[in-house]
Amino acid sequence: MSRSITHLHDQQAVVLFSGGQDSSTCLAWALSIFGTVLTLGFDYGQRHAVELSCRERLRKGIKALNPEWDKRLGTDSLLSLDIYRHTSATALTANIPIHEYGQTIPPNTFVPGRNLLFIMNTAIWAYSRHIRHIVLGVCESDYSGYPDCRDDSIKAIQTALNLGMNTNYVLHTPLMWRNKADAWRLARQLGGDALVDLILEESHTCYLGERGQRHPWGYGCGVCPACRIRAAGYEDFCFDTANNAVKIGTN
């Protein structure tokens, strides 16, 4: 971040808000820092489009958690990106089996350039609104082979945007160096158990779009990579929380 957090309460920000765990945590983070926060989502033909239906419930729930957040949360917009319906046959945009590969080959859930395209379109959308702060839920710690989630990628597109549009965008990535357990911890730090419970109940992560079975960590198929990462992170978070409670109780 290029400015001190204490100097951002007079600034607007836009959060790339998918309806998932990470973007929900980032929305709470942004509402704790910026004076006005707008949300923007993308319908790109994703197989797990159920997450789009979660967005408004999450927004309403987050507003209800904190009077200051209620004041700061602005409008929501949803943009359509049709390009992937015509160019990309991935496991997130077509009904094909999910395959995971090694560290050097992205999984077939990788949608080429998706985050880069999201960021570019967000910057275009934000330009006429004089919004220069863009908040993203990307994470290198759990990036799962997605090259456009890496810190170097985000820094590179920030430089390209500012050169190509003659602006001073700042791309904020509060989860970049946090794993999923850390993301749960940040949610609790920002909004207590109420925010954790809201994210558990209303956010969506499952690649297959399954929302029938409620697990301790939320809804999902339980076997896709996204569900496994979310479940493992929540288990670690609960383990640490329980251990800390025991330590406090024995002092």
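Predicted model: local features only at pLDDT ≥ 70, side-chain atom pairs only at ≥ 80, totals over all residues.

**Entry 1: H130.** I looked up the backbone angle phi here first. Most residues other than glycine have a negative phi. H130 is not a glycine, yet its phi is positive, near 60°. I then checked where H130 sits: it is in the loop that runs between α5 (114-127) and β4 (133-135). Is H130 buried or exposed? Its relative accessible area is 62%, and the cut-off for exposed is over 50%, so H130 counts as exposed.

**Entry 2: N166.** I went on to another phi value. N166 has a phi of about 55°, again positive in a residue that is not a glycine. I found N166 in the loop between α6 (151-165) and β5 (170-172). The relative accessibility of N166 is 71%, so I noted N166 as exposed.

**Entry 3: T39.** I turned to a strand. T39 belongs to β2, which covers residues 36-43. Is T39 buried or exposed? I read a relative accessibility of 0% for T39; buried means under 20%, so T39 counts as buried.

Next I asked which residue has a side chain joined to that of T39 by a polar contact. The partner is D76, and the polar contact between the two side chains is 2.7 Å.

I also listed what T39 touches, leaving out residues up to four places away in sequence. The list has V14, V15, F17, L27, R55, R59, L73, T75, D76 and S77.

Key
Residues numbered from 1 in each chain as written. Heavy atoms only, no water. Helix = DSSP H or I, 4+ residues; strand = E, 2+ residues; numbered from the N terminus. Buried < 20%, exposed > 50% of the residue type's maximum accessible area, 1.4 Å probe, protein only. Polar contact = N/O pair within 3.5 Å; in protein donor to acceptor, adjacent residues only side chain to side chain. Contact = heavy atoms within 4.5 Å.
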